[in-house]
Amino acid sequence: MHKDEADFLHSSVLLREVLTVIKVPECRFVVDATLGLGGHTEAILACSPTVVVLGIDQDRAALSLAVERLAEYGDRFEAVHGNFSAVKQIIENAELGSPDAIIADLGVSSLQFDDATRGFSFRFDAPLDMRMDPNSGGATAADLLRETPESELADIIYQFGEERASRRIARWIRERNERGEPISTTRELAELVERAVKRGKKDKIHPATRTFQALRIAVNGELEILEKFLIDSVECLKSQGVLAVISFHSLEDRIIKRTFQKLAGKCECPPRIPQCICGAAKKVEILTRKPLLPGEDELRENPRSRSAKSRACKKL
Ligand SMILES: C[S@@+](CC[C@H](N)C(=O)[O-])C[C@H]1O[C@@H](n2cnc3c(N)ncnc32)[C@H](O)[C@@H]1O
Ligand SMILES: [Zn+2]
């Protein structure tokens, strides 16, 4: 293996854990709902000489890189441009039957985050875009800052970024809009946030990190589509098929944990109701009572794995 190949594989988070939990050697057909640079997919294809992988990504730039990289696997790999919110339709259209496993590695890829032009990171000055699918026609982060009412924007920054200075940041953004000087670049936003946030001594991250995360989640509707994706995925799986999901912050992990519990039959009716009306039904067995976390080696080698957690369930 070349060194760059090794780096590439290493940068795929919780790789070994995911391969183990989905039992690749027993899989005929796997769906990678977040293909990205194809790291997880490549490992799956390399693990079994017969497995077929369908990779989905909403980012055409990622998709074409992955296609190039995985060319050697011929027709054992197929790529689809799309949002995993449509996972059911995409799997149906592929006409490959019911998958033995579906994996998802949520959030942005290093390709997106390290691209100086797409506005995901304050490390580069760029138009404030942040759409994972730049052709979606949806609102950019700059649009969001211009068009969202102050209190709603503060809620977004607080809820999705856990930023305590959210109200001040939202007020200052509104004031700029009123002065006819809306924020349009990453640098402008990072500077505004830096002034608005009182940096604590223990703060290890850049003060704009939380606000950037919040905007990215809002722009891409990341949390809204997650529950439906999980439920639809389980529906698509074949019996005994496994769904494994890697998340990077507590907001995602909470949704995954709760949805898995619901799919495992946990009743969500209010207490003391005479009869269950929430439709709780046991559809899966949870395979990870506690989420899988990266080991010490991975933590050392890949800082991006720091906040990663994976949960998996098996369809009954
Ligand atoms: C963390 S990366 C995946 C990295 C990949 N597992 C690897 O090993 O190379 C996440 C990818 O998922 C894509 N993505 C995120 N949300 C998506 C969604 N709702 N639908 C389709 N693709 C999505 C992003 O565009 C990004 O390329
Ligand atoms: Zn109930």
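User: How are helix 8 and helix 9 set relative to each other, oblique or parallel?
Analyst: Keep in mind that this is a predicted model. Helix 8 (residues 150–161) and helix 9 (residues 166–178) pack at about 140°, and their axes are 8 Å apart. Angles over 145 degrees would count as roughly antiparallel, so the two helices come out as oblique.

User: Which way do helix 8 and helix 9 cross?
Analyst: Their crossing is right-handed. On the helix 8 side the contact uses E150, L153, A154, I157 and Y158, and helix 9 brings S166, R167, I169, A170, R171, I173 and R174.

User: And by class, how many residues in that contact are charged?
Analyst: There are 4 charged residues where helix 8 meets helix 9, along with 7 nonpolar and 1 polar.

User: Switching to the ligand. Which residues come nearest to ligand 1?
Analyst: S12, T34, G36, G39 and D105 do, out of the 21 residues around ligand 1.

User: OK, helix 3 then. At what angle does helix 2 pack with helix 3?
Analyst: Helix 2 (residues 15–22) packs with helix 3 at about 50°, with the axes 10 Å apart. The two are therefore oblique to each other. Helix 2 passes helix 3 in a right-handed crossing.

User: Which residues of helix 2 and helix 3 meet?
Analyst: From helix 2 you get L15, V18 and L19, and they meet H40, A43, I44 and C47 of helix 3. By class that contact holds 6 nonpolar and 1 polar residues, with no charged ones.

User: New topic, the domains. How is the chain divided?
Analyst: Into domain 1, made of 3–107 + 223–315, and domain 2, which covers 124–219. Taken over C-alpha atoms, the centres of domain 1 and domain 2 are separated by 29 Å.

User: How many residues of domain 1 are in contact with domain 2?
Analyst: 4 residues of domain 1 are in contact with 4 residues of domain 2. On the side of domain 1 that touches domain 2, those residues divide into 2 nonpolar, 1 polar and 1 charged.

User: One more helix pair. What angle do helix 12 and helix 13 pack at?
Analyst: About 40°, with the axes of helix 12 (residues 226–236) and helix 13 (residues 250–263) 9 Å apart. That makes helix 12 oblique to helix 13, since roughly parallel would need an angle under 35 degrees.

User: Is the crossing of helix 12 and helix 13 left-handed or right-handed?
Analyst: Right-handed.

User: And which residues make that contact between helix 12 and helix 13?
Analyst: Helix 12 puts in L226, E227, L230, I231 and V234, which meet E252, I255, I256, T259 and L263 of helix 13. Sorted by class, this contact has 7 nonpolar, 1 polar and 2 charged residues.

Definitions and conventions. Residues numbered from 1 in each chain as written. Chains lettered and ligands numbered in written order. Predicted model: local features only at pLDDT ≥ 70, side-chain atom pairs only at ≥ 80, totals over all residues. Near = placed C-beta within 6 Å. Axes fitted to C-alpha atoms, helices over the stretch in contact; angles between N-to-C directions. Helix = DSSP H or I, 4+ residues; strand = E, 2+ residues; numbered from the N terminus. Parallel < 35°, antiparallel > 145°, perpendicular 65-115°, else oblique. Left-handed = near helix turned anticlockwise from the far one by under 90°. Contact = placed C-beta atoms within 7 Å. Nonpolar A, V, L, I, M, F, W, Y, C, P; charged D, E, K, R; others polar. Domains from an automatic or database assignment.
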